[in-house]
Amino acid sequence: MAQTPKRGTKTTAKRKGTSKSSSRRKKPQKLKMAPYLVAAAFCILCLCITLADYVNPFSIFPTWDEIFSVMDQIGGNGSGDSDSNGDPSGTFAAHSTVKVHMIDIGQGDSILIEAPEANVLIDAGENGKGDDVIDYLKAHGISTLDIVIGTHAHSDHIGGLDDVVRGMNVKKVILSEIAEESIPTTKTYTSLLTAILEKNLTITTAKVGDTYNLGDGAALQIVGPNGVFKDLNNTSVVCRLTYGNNSFLFTGDCEDKAEAAILQRKGITISADVLKVGHHGSDTSTSDEFLTAVDPDIALISVGTGNTYGHPVPSTLEKLEQNDVKIYRTDLSGSIIVTSDGKNLSVTTEK
């Protein structure tokens, strides 16, 4: 005869099964909120990084540009794209040379960078100097300018750029951001904007961290201005050129206040073998702290003979000399060419 299971046994079995099943379900419940907490933390971190460029308390966080720049350096970005973000200088192979020309255009600035795969012009001097700059470019076999940079809206820097934009094959124009209340209404500035429109070009706003690949490992990185300033001198686009072991820093008319802001920026390198001295050697630029950080071997000063400003001032020259910096001036030497093979620098002068 079949025996009926005892109620106590059956009841006990059910309780044991229920207890095991309940135990298995409880374990994942403890971790149920973990993915949401991780996602929330990630979103907060992304927000802080995004705000790092705009809100001072968040400056302890790197910006997206700085993060991508480091990632590209680690990855050895060498695509050859002139719009590449990140420093592609890790691809340097010493196949060619880079030449930096400080063009003698009197009291003003105009600098040509001849790189393996791109030509860059930084400023074009005073109004009426555009044709002189074009003549210089053509004399050196330059017919195309891949990048034109107007450091800031003063006539001794952008005065000749309208003629250059109209008279040369220009691919990209980079200008600094200007506070709305400081936007110039001068004929010099409006003429440049008109020339850019006539050539169907768009203006690229200079942004710290943006890096342009000039070929064979040469790279030009925007390092300033770090912020928006009312004084147009301090809106100067500051950029650093690297080729192999050599580097150049171009400062426009950047003054001590803007220099200090650059020094505060994390993730940016400004040390350089060659320094284009700010504001034509004025005492408003090249602070002790900035000069120490750059630590150049060579200083280039673009200045007009007998200019009424007294540029370069004795105090700036003394400061450079005390730091064992070799000084070259366009008023004394004419146009100056610094050539880099990625390891060594050589300097030739017109006079």
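A salt bridge is taken here as a side-chain nitrogen of Lys or Arg within 4 Å of a carboxyl oxygen of Asp or Glu, and by this rule the count comes to seven salt bridges. The structure is a predicted model, in which local features need pLDDT of at least 70 and side-chain atom pairs count only at pLDDT 80 or more, while totals for chains, interfaces and linings use all residues. Residues are numbered from 1 along each chain as its sequence is written, and side-chain values use heavy atoms, with hydrogens and water left out.

**View 1. The salt bridge between aspartate 109 and lysine 276.** In this pair, the closest N and O atoms are 2.8 Å apart. Aspartate 109 lies in the loop between β1 (98–102) and β2 (111–114) and lysine 276 in strand β13, so the pair ties together parts of the chain that are 167 residues apart in sequence. Helices (H or I, at least four residues) and strands (E, at least two) are DSSP runs, numbered from the N terminus, and β13 covers residues 274–276. Buried means under 20% relative accessible area, exposed over 50%, and partly exposed in between, with a 1.4 Å probe and protein chains only. Aspartate 109 is buried, with a relative accessible area of 2%, and lysine 276 is likewise buried at 2%.

**View 2. The surroundings of lysine 276.** Contact here means heavy atoms within 4.5 Å. Not counting residues up to four places away in sequence, lysine 276 touches Met102, Asp109, Ile111, Leu249, Phe250, Thr251, Gly252 and Leu300.

**View 3. The salt bridge between lysine 319 and aspartate 288.** The side chains of these two residues meet at 3.5 Å, N to O. The pair links distant parts of the chain, with lysine 319 in helix α10 (residues 314–322) and aspartate 288 in helix α9 (residues 288–294), 31 residues apart. Aspartate 288 is partly exposed, with a relative accessible area of 47%.

**View 4. Aspartate 256 and its contacts.** Aspartate 256 is found in helix α8 (residues 256–264) and, at 41% relative accessibility, counts as partly exposed. Leaving aside residues up to four places away in sequence, aspartate 256 touches Thr284, Ser285 and Ser287. Aspartate 256 and aspartate 288 are 32 residues apart in sequence, and their C-alpha atoms are 9.4 Å apart in space.

View 5. The side chains of arginine 329 and aspartate 331 meet in a salt bridge of 2.7 Å, N to O, and both residues are buried. Elsewhere, salt bridges that share partners join Asp162, Arg166 and Glu198 into one network.

View 6. Two strands pair if DSSP finds at least two bridges between them, and the seven strands here follow the order β9-β10-β11-β12-β13-β14-β15, with mixed pairing. The edge strands are β9 (211–215) and β15 (326–329), each of which pairs on one side only. Axes are lines fitted to C-alpha atoms, for helices over the stretch in contact, and angles run from 0 to 180 degrees between N-to-C directions; the twist averages 20° from one strand to the next. Within the sheet, strand β11 (residues 238–243) and strand β12 (residues 246–250) pair in the antiparallel sense over five bridges, and the bridge partner of cysteine 239 is phenylalanine 250 in β12. Helix α10 packs on the sheet, touching β14 (298–301) and β15, and its direction makes about 140° with that of β15.
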